[in-house]
Every structure is written in structure tokens, then in C-alpha cells.
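My notes follow in the order I looked things up.

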Amino acid sequence: PIMKFEDVDSYLAARGGRLVRWNGDFYSYQAGVYRAVDMEAVRADVYLRSNADTKSKVDRFIDALKARVFVDRTTLAPPCWLEPVELDPTNLIVLRNGLLDMATGQFYLHDERFFSLTALPFNYDPNATAPNWERFLEGIWPDEPDCIETLQLILGYLISPRTDLQVIPVLVGPPRSGKGTIGRVLVDLIGDGNWAAPTLDSFG
């Protein structure tokens, strides 16, 4: 049987996954990252799991829910901590198995207090190697190690939450010079939902 909850706090405690209201939308904590929740899904869940059994009661319950989990967008924006924590959020990368501090190399377990809307789709492994990737790069830049190093810096920047450099990297080269392969690797690194492909015309 579905338990019916009288108040918002009881509802939140039982639903699983921290819920926040930020920038006009609900976000639910799922496996290390906050995902947007459709308002219709919220209304349906409230109707099924609370004692709000009419539209007006559901509206009042959701209004109370919004107030209870509200995060002010004028003072907090992801990535950020929802509660005081002595770790710089701009240095943290969310991976499938935890949080990596880019500045210190320290690895932490997922923490629902860390408000991030993006996560990389793979596990952190400090002992991982990439021999095929290294051979590919040496094949396209056999005598240009500085190009390989620059690409590594670009990829590292793009998978981080940083935007302070305000740069647009551009890959230039003849056909079949590796640009497409690098692009596909980058898309796989960043993960679905974490990238866009605007055209130059869309910038006006």
C-alpha cells in the first residue's frame, strides 16, 4: 500500500533523493548528480503519496514543497555546495563513482550536498591507461608533442566545470587527419546531455 503523508517534511524524507527548487524547476538527486524533474511528475507523485486529494490541495502542497526546498539562484548556482563545506566546488568533477578534486587529486564519495547538474559517464580510475589513444595521437602528431599536450589541456578543461578561460578551441586540418575521431572521443568523455552542437549561424 502507498503511505500517505500529511506534511512536506515527511514526504521529502520518504521519497528518496534530495529535492531542490532552483531557477524555477525541481531537481532530484540521482547517483551523484541533480536531474531536472518534470512538474507533471511532481504533481502526480504528490497526488499519489500525500493526503492532497484535490487539485487545490495538491497546489497548496506543491507551493509548500517549493518553499521548503527553495535554492536562491541569485546566491547559488551549480556547481556549488548547498551547505557549508570546505571544498572549492569549481575544482570538483562528478564521475560515476564519486567526486574528484582537480586541485589536490583527492577522491571523495558522492555527496547530495554538492549541487551539480552534470556528471561524467565513467568511473574514476587513477591507474587507468589509454594505449590505443596514445598511439592514435602519436600517429597524427609524430613530431609535435606540444600538439598532444595542448589537446590534453583542452580535453581536461572541457570535462571540468570551469569556464573562466573563456576560449573556444578549434581543430583545423585536412580531411582524415583525426578531427572526427577526436570529436567523437570528446562527446563520449562529456556524456549525453552535457554538450550541444550549435551552428555558426546560430550565433548571429
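**Entry 1: the three-stranded sheet.** I looked up the strand order and found an open sheet of three strands, β6-β7-β8, with antiparallel pairing. Strands here are DSSP runs of E with at least two residues, helices are runs of H or I with at least four, and both are numbered from the N terminus. Two strands pair if DSSP finds at least two bridges between them. The edges are held by β6 and by β8 (107-108), each with a single partner strand, so one side of each has no neighbour in the sheet.

I then went through the pairs. β6 and β7 run antiparallel and are joined by four bridges, and Leu95 has Gly98 in β7 as its bridge partner. A hairpin of two residues links β6 to β7. Strand β7 (residues 98-101) is joined to β8 by two bridges, again antiparallel. In β8, Phe107 stands opposite Leu100, and Tyr108 stands opposite Leu99. The β7-β8 hairpin has five residues between the strands, and Gly105 in the turn shows a positive phi of about 80 degrees.

A note on the source: this is a predicted model, where local features need pLDDT of at least 70 and side-chain atom pairs count only at pLDDT 80 or more, while totals for chains, interfaces and linings use all residues. Residues are numbered from 1 along each chain as its sequence is written, and side-chain values use heavy atoms, with hydrogens and water left out.

**Entry 2: the four-stranded sheet.** I found an open sheet of four strands in the order β3-β2-β1-β4, with mixed pairing. β3 (33-37) and β4 (70-71) are the edge strands, each with a single partner, so one side of each is left without a neighbour in the sheet. Strand β1 (residues 19-22) runs parallel to β4, with two bridges joining them; Arg21 has Phe70 in β4 as its bridge partner. Helix α2 (residues 39-49) lies across β1, β2 (25-30) and β3, at about 85 degrees to β3.

**Entry 3: a helix pair.** How do α1 and α3 pack? Helix α1 (residues 8-15) and helix α3 (residues 55-68) pack at about 70 degrees, with axes 10 Å apart. Axes are lines fitted to C-alpha atoms, for helices over the stretch in contact, and angles run from 0 to 180 degrees between N-to-C directions. The two helices, α1 and α3, are therefore roughly perpendicular (65 to 115 degrees; under 35 is roughly parallel, over 145 roughly antiparallel, the rest oblique). Val8, Asp9, Tyr11 and Leu12 of α1 meet Phe61, Ala64, Leu65 and Arg68 of α3, contact being heavy atoms within 4.5 Å.

Entry 4: The largest pocket holds about 1400 Å³ of space. On a 1 Å grid over the protein atoms alone, a pocket is an open set of points where a 1.4 Å probe fits, with protein on both sides within 12 Å along at least five of seven lines; lining residues have an atom within 4 Å of a point. Grid points are joined across faces, edges and corners, and a volume is the space filled by probe spheres set on the points. Its lining has 40 residues, with Leu158, Ile190, Asn194, Trp195 and Ala196 nearest the centre.

The second largest pocket has about 1000 Å³. I counted 25 lining residues there, with Phe122, Ala130, Gln152, Ile159 and Leu189 nearest its centre. The largest share of that lining, five residues, comes from α5.
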